[in-house]
Amino acid sequence: KQWYQRRVHGDMMMIVEEFEKTISQLLVEKERDNICHQMVMERIMSERDEVVRDHENVEQAYADLNNKYERAREVVVGLQLSEDELKQHVDDIRSRCAAGELKYEDAKRVAEDQLTMAWEAFSHLRRIKEKHIARLTAWAEEG
């Protein structure tokens, strides 16, 4: 009987040792799984933080772009107003230039008419003078 009890006791001890080994292995595996889960969580958290930073950067870039767009739109409106004013100014200058050209043509025509009249008067006076000289020359030769 003692032999049987020792054998049972030895078997029980072996079972307990196997149980302790299994428990130790399970604890090691659980610790390893916990470390793996922690590493995965850290990687996921890091990726999440990176995505959040990227999102914030995109929002900032969008805000900057929107501000630039608004400023450009204001500049375009200002340039359109300036362009309209300049077009009006050009039209005014063209009108004044056309009026000036008409005045010039009128003055030119008047001057040409006056020159023609002066030339005719000069030619008439020259003919009269030539006739007078011819008479005086003829009178001087007679006398």
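I began at arginine 126, which counts as partly exposed at 43% relative accessibility. The model I am reading is a predicted one.

**Entry: arginine 126 and its partner**

I looked up what the side chain of arginine 126 meets, and found a salt bridge with glutamate 130, at 3.5 Å from N to O. Glutamate 130 counts as partly exposed too, at 45% relative accessibility. I checked the positions: arginine 126 and glutamate 130 both lie in helix H1, 4 residues apart, which is about one turn of the helix.

**Entry: other salt bridges**

How many salt bridges does the structure hold? I noted 7. I looked up two further examples.

One of them joins the side chains of arginine 43 and glutamate 47, at 3.2 Å from N to O. These two are separated by about one helical turn, because they sit 4 residues apart in helix H1. Arginine 43 is partly exposed, with a relative accessible area of 46%. For glutamate 47 I wrote down 40%, which is also partly exposed.

Another joins the side chains of lysine 87 and glutamate 83, at 3.5 Å from N to O. Lysine 87 and glutamate 83 are both in helix H1, and the spacing is 4 residues, about one turn of the helix. Lysine 87 is partly exposed because its relative accessibility is 47%, which falls between the limits of 20% and 50%. Glutamate 83 has 39% relative accessibility, so it counts as partly exposed.

**Entry: aromatic rings**

I then turned to the aromatic residues and found a count of 1 aromatic pair. Why is the pair of tryptophan 119 and phenylalanine 122 called tilted? The ring centres of tryptophan 119 and phenylalanine 122 are 5.5 Å apart and the planes stand at 35 degrees, so the pair is tilted. For the reasoning I needed the cut-offs: planes under 30 degrees apart count as stacked and those over 60 as edge-to-face.

Both residues of the pair, tryptophan 119 and phenylalanine 122, belong to helix H1 and are 3 residues apart, about one turn of the helix. I also looked up their accessibility. Tryptophan 119 is exposed, with a relative accessible area of 53%. Phenylalanine 122, at 44% relative accessibility, counts as partly exposed.

**Entry: a nonpolar patch**

Which residues make the nonpolar surface patch of about 580 Å²? I listed Trp3, Tyr4, Val8, Met12 and Ile15. I picked out tyrosine 4 from this list and found it in helix H1, which covers residues 2-142. Is tyrosine 4 buried or exposed? It counts as exposed, because its relative accessibility is 54% and the limit for that word is over 50%.

**Entry: the whole chain**

Last, I looked at the protein chain as a whole. I counted 1 helix and 0 strands. The C-alpha trace spans about 200 × 30 × 10 Å along its principal axes. I compared the radius of gyration with that of a compact globule of 143 residues: the globule would have one near 15 Å, but the protein chain has 59 Å.

I checked burial next, and buried residues make up 1% of the 143 residues in the protein chain.

Terms used:
Residues are numbered from 1 along each chain as its sequence is written. This is a predicted model: local features need pLDDT of at least 70, side-chain atom pairs count only at pLDDT 80 or more; totals for chains, interfaces and linings use all residues. Side-chain values use heavy atoms; hydrogens and water are left out. Patches are made of residues with over 30% relative accessible area and no salt bridge: like charges are joined within 9 Å, nonpolar side chains (Val, Leu, Ile, Met, Phe, Trp, Tyr) within 5 Å. Accessible areas come from the Shrake-Rupley method with a 1.4 Å probe; for residues, only the protein chains shown count as cover. A salt bridge is a side-chain nitrogen of Lys or Arg within 4 Å of a carboxyl oxygen of Asp or Glu. Buried means under 20% relative accessible area, exposed over 50%, partly exposed in between (1.4 Å probe, protein chains only). Rings of Phe, Tyr and Trp (its six-membered ring) pair if their centres lie within 6.5 Å; planes under 30 degrees apart count as stacked, over 60 as edge-to-face and the rest as tilted. The radius of gyration is taken over C-alpha atoms; the globule rule is 2.2 Å times the number of residues to the power 0.38.
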